[in-house]
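Have a go at each task before reading its solution.

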Amino acid sequence: MTTPSVLVLRAAGTNCEIETAHAFERFDASTQTLHVNALLDEPAILKRHHVLAIPGGFSYGDDIGAGAVFACELGTRLAEPLTKFVEDGGLVLGICNGFQVLVRLGLLPGLDATLGQPELSLTDNVSHKYEDRWVRLSITSRKCVFVGDMEPPELPLAHAEGRIVARDTATLRRLHDEDRIVFQYADTEGAPTDAYPANPNGSVDAIAGLTDRTGRVLGLMPHPERALFGFHHPDWTRRSYDGSGPSDLGPGAPLFANACDWVRRER
Amino acid sequence: MTTPSTTVSSTAYCIEVGIRPDRRDVLAHRLLDSAREAGLEMPEELSTRRGYSFRIHSADSADGGLAQARRLADRLLSDPVFNTYRVYTPDDSPAEPGTHRLEVVRRAGVMDPTAQSVVRAAAALGIEVSHVRSWAGYVFPDSVAPERLMQFGRDVLANEVIEDVRLDPITGIAPAAPLDERAFALQKVDVRECDDSQLKKLSIEGCLALDLAEMKAVQAHFQTEQREPTDIELETIAQTWSEHCKHKTLTGLVDYEGQIHDNLLKSTIARATNELDRDYCISVFVDNAGIVAFDEKHHLTMKVETHNHPSALEPYGGAGTGMGGVLRDTMGTGLGARPVASTDVFCFGPHDLPAEKLPKGCLHPLRVMKGVVSGVRDYGNRMGIPTVNGAVCFDERYVGNPLVYCGSVGIIPVDRVHKEVQPGDRIVVCGGATGRDGIHGATFSSLELHDESESVSSGAVQIGNAIEEKRVLDVQLAARDRGLYRAVTDCGAGGLSSAVGEMGETCGAHVVLDDVPLKYHGLSYPEIWISEAQERMVFAVPPEHVDELLALCASEDVDARVIGTFDGTMRLTAEFHETQVMDLPMKFLHDGLPRQKRTAVRRQRTLADPPELAEGAYGGMLLEILASPNVASKSWIIRQYDHEVQAGSVIKPLVGPRRNGPGDAAVVAPVLGSSRAFAVGCGLNPLLGDVDPYQMALHAIDEAMRNVVCVGGDPDQTSLLDNFSWGNCEKPENLGDLVEACLACYDGAMAYRTPFISGKDSLNNDYRVGDESRSIPPTLLISALSIVPELSVAVSMDLKAEGHDLVLVGLTGPELGGSHLAHLQGVTGAKVPPLDLHLAPRLLEALHEALRAGLIASCHDLSEGGLAVAAAEMAFAGEVGADIDVARVPVRDEAPTTARLFGESPSRLLLEVVPQHHDALNAILGDVPHATIGKTVNASRVRITNEHSVLLETPLDALRQAHLGTLDLDGEYSAP
């Protein structure tokens, strides 16, 4: 059986690469963590992997705009190998800053599929501040291969620029019509919400995660790799105060398990 | 960074990026809120701009690169979904009809992290730009009075220590200009013939911060050498001998009430560590951080730094570089540890201080707090280090001199601890280029702040670039694992002078100052040597590994350069422009400092107890203490920190189903896939020090211990760190307080058998208001780092369910000295409840045993506000009610009702216990005083009775609101 092979791509300021790689390794993937300079030198490396993961962080400081510089480099120098990677059945996961990169690059939601032309923007939270908190998500579409049959998860997020703004209302309409919305911020009943802090950044239509036309690309603001184990969940001490300890896996684990299973099944 | 030659044809442009009119300008809303807080009403029609000025080097000279500038704006600097932009040249007027315009731009030479990103991304687009400068614009309707705009600019937008404010400028902002080149001339300073007053004058005018005895030692040295020192030699001695680097007070002689204390550091703090000789101490007091054992493959490191004076002047930059500095301490420990958790503890003036009480030259405490929090946030979050634990203390005496403590825990492979420079090793400096930022930081921090510090010391302020430091961290760890260097340290206070001087202490070093990479031309040779430009590490590299190290750095865009050799001469020498500018014997530099002898006295105090509370006042007092700023929720701060990055956070700083309970300490499992963890917590309570600094220090140790043990830390595998922030210790009362606190550190550490592994002091926290020199209260921070053997041992403080017993462990005494109860009634209290040095360690050992046995559902220590506050916090955090009877509280000396409710006797814990575990718990606690004082109940209230009479009954909602409301600066909890 194929061993899923994951390329974890980092740049200056990427800071979640270790735990992102670990999350895939937990489900028996092999991982290679690579600086973007090395991939720019040798784009063929991409072809050796089944999954490309762009982890969270502050690539190049995000001083110009979240993910802007990283996306600019990928869009100008790796557009073709990236497009081909997705067409050939590769999976792409962008978490937090990685999601910002994919959106700025135009790979997500990819309605018109021209790299370098963003259709959405991930911009300042309405609160205009960085926030770390756990949120509840609803699953809007299961077309994305990362989602599988997972339960709607609670996940942590930590960002200052997670609010999705669409280019125009037609673009927003198409996100719904073309089944691109994977996760939405939800209230305690599980319904999508605009209310702060359940929707922590004011994202339009409570969008938290998106996929592309193929369903093989996922970008999301929350951090599933920080919800890999049972003890990651802030309530684990409430469930096991008799000394039994936390459950093994946490609510973010299925995203990585599903991706690895998919590769083993389909590739 | 090398600057492209300006002889190539280039054109200057400004790109100004705005927000599309149909989009929300979030920053504008935010700034208008801040203006309102500052008492300044501004019209709502503010629109914000980000600007970039730069030179573009174009092959296509036909349009002077305009098309490329537009492409840069289109593809990189603006987001088409969200932004608009315009391009103009700096010669054009940026004015827009019908508006006023403010611009805020960094002063020349101040770090601009954005500039680097722009250069890099432009290169990806095939566009060569240079001299990049980023700035901000603010556009208002022209109905606003210009004076009001300038006030907005100064009070809300800019800090004029590092930034200029421009109102309605007639031209655009020019690209960064190189500073003036200075002709090189070796400067000598005449010291050999100086009399005492001339020596003193020399010290003051040169910002050397050396006293007369020290200046005389310098004079004697050069008399022996039969020559005058150069300016750079004097600077080097001053940096090396600064209080900041040498801890002269703590290592000197102190005459305290007739008794001589020879080296307080050695005779108290380090003495405890030596006598305890714990086997888990791997390296203590010698490296940039203490190192303790963790598991078979890893050790942990910890260091806590103070960064007080820079934060007073420029809170954002000062606090950010405080965090950056302590992270570099971690990177500079052993052969380099990887930071895995950060802590932050702050002391500020009251956040609601009335404007008329603000001394001249001081920033308002609210502004200081917001700046400091943002600085720590932006540095720590960008580096990807979780900030997991902290504390904030408010007192009017911190108004002119806030305190900023930044801590860092790191992890290091067991075989990467030993470092040793060998003769012939090359000196390699790696990371940020050197600029004119942070000149005289080490000596500046050793002087008193005054109302003109802002203008004269702006050179001492540094602005950080976290991404640069992250880049360095990435390559350093790769180089460490490949074994490419033999020693490393960070460039902190004193810059290269301290870093190279310390690394070469037992070897000698020669530096070629021309080879130090510079941000811009025009630095003098002493500036290159002592600049505290951030994000630099210094390595000792065997010659055969130099090429590989430089190539590794280059592969990730990190600048690295050989600047000299550790040469085995036992001298510190430097050359510039082929001229020798420095030649100092290491022995004189490191051992030539004369010891200080100082006098200390016991402070005379006027102390008074508060009256016994009236019947019916208990409920109100509980809410008042919960809402008092020191006790109130720090959620506003905590949420701005990424406390979960690296995926190791097991017990997070905010706990309970609504994540609003104040956790006692954080638990972090730093090795992914392993369940071994550590707890990190702290103790700090300056109110106690006003009554009894000896007991303050014991309480701080006990509180730090309680906090880490409450969440699962093993008291028998715990280490302590000390950080003294004191007023000027030339004042004998301040020094007397310090002696008392040091003696307590020894007694406390011995009692708990917990060694101190690292410390850092800041002993000149005075500031001048008019003719009066004010000291901060003696402020001792104790941090504790404790091994959690298995993370399932950890518990959180939120009550779990109804029907459980509430067990109070420890004795409550009648004393109220230093309590919040006394404080809120405007008195100090007469006596601090003493820590029982025999009982306290036994109590924590018993708790740990009970936790390991899985007998405890939740656990919280009693600290500020005593039993009532602890019970209230546990209840609203867990959304479970509690009924408590204070008649059952184990007391000594007939503690009355008020003390039972609100007294702050140390060494007490409140436990939630499932009834079937009760007997097992009793067996473990044995003769440790404890009693079941109540039960958890299915009701949304806390009710406290004295037998049958109800003292207070308060709904959980009211308790929660009191706790969350005070520092809810963004209205998160008051929103409908």
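**Exercise 1: the largest cavity**

Eight elements of chain B each give at least two residues to the lining of the largest cavity: strand S12 (338-348), strand S13 (387-394), helix H22 (635-638), strand S27 (677-683), helix H23 (686-689), helix H24 (693-710), strand S34 (858-861) and helix H28 (866-878). Helices (H or I, at least four residues) and strands (E, at least two) are DSSP runs, numbered from the N terminus.

Before you start, note that this is a predicted model, in which local features need pLDDT of at least 70 and side-chain atom pairs pLDDT 80 or more, while totals for chains, interfaces and linings use all residues. Residues are numbered from 1 along each chain as its sequence is written, chains are lettered from A and ligands numbered from 1 in the order written, and side-chain values use heavy atoms, without hydrogens and water.

Task: describe the volume and lining of the largest cavity.

Solution. 
- Step 1. Recall the term: on a 1 Å grid over the protein atoms alone, a cavity is a set of points where a 1.4 Å probe fits but cannot get out, and lining residues have an atom within 4 Å of a point.
- Step 2. Search the whole structure: six cavities of 30 Å³ or more turn up.
- Step 3. Take the largest, with a volume of about 750 Å³; a volume is the space filled by probe spheres set on the points, which are joined across faces, edges and corners.
- Step 4. Look at its lining of 44 residues, where Gly390(B), Ala391(B), Lys634(B), Pro662(B) and Gly663(B) lie nearest the centre.
- Step 5. Find the main contributor: S13(B) supplies the largest share, seven residues.
- Step 6. Sort by class: 22 are nonpolar, 15 polar and seven charged. Here Ala, Val, Leu, Ile, Met, Phe, Trp, Tyr, Cys and Pro count as nonpolar, Asp, Glu, Lys and Arg as charged, and the others, Gly among them, as polar.

**Exercise 2: a helix and its cover**

Task: which residues of H6(B) are buried, and what covers them?

Solution. 
- Step 1. Helix H6 (residues 212-225) of chain B has 14 residues and spans 20 Å from first to last C-alpha, close to the 20 Å expected. The expected span is 1.5 Å times one less than the number of residues.
- Step 2. Its buried residues are Glu214(B), Met215(B), Ala217(B), Val218(B), Gln219(B), His221(B) and Phe222(B); buried means under 20% relative accessible area (1.4 Å probe, protein chains only).
- Step 3. The cover includes H5 (196-205), H7 (231-240), H9 (248-251), S21 (579-585) and H20 (586-591) of chain B, with contact meaning heavy atoms within 4.5 Å.

Technical notes: On a 1 Å grid over the protein atoms alone, a cavity is a set of points where a 1.4 Å probe fits but cannot get out, and a pocket is an open set with protein on both sides within 12 Å along at least five of seven lines; lining residues have an atom within 4 Å of a point. Buried means under 20% relative accessible area, exposed over 50%, partly exposed in between (1.4 Å probe, protein chains only).
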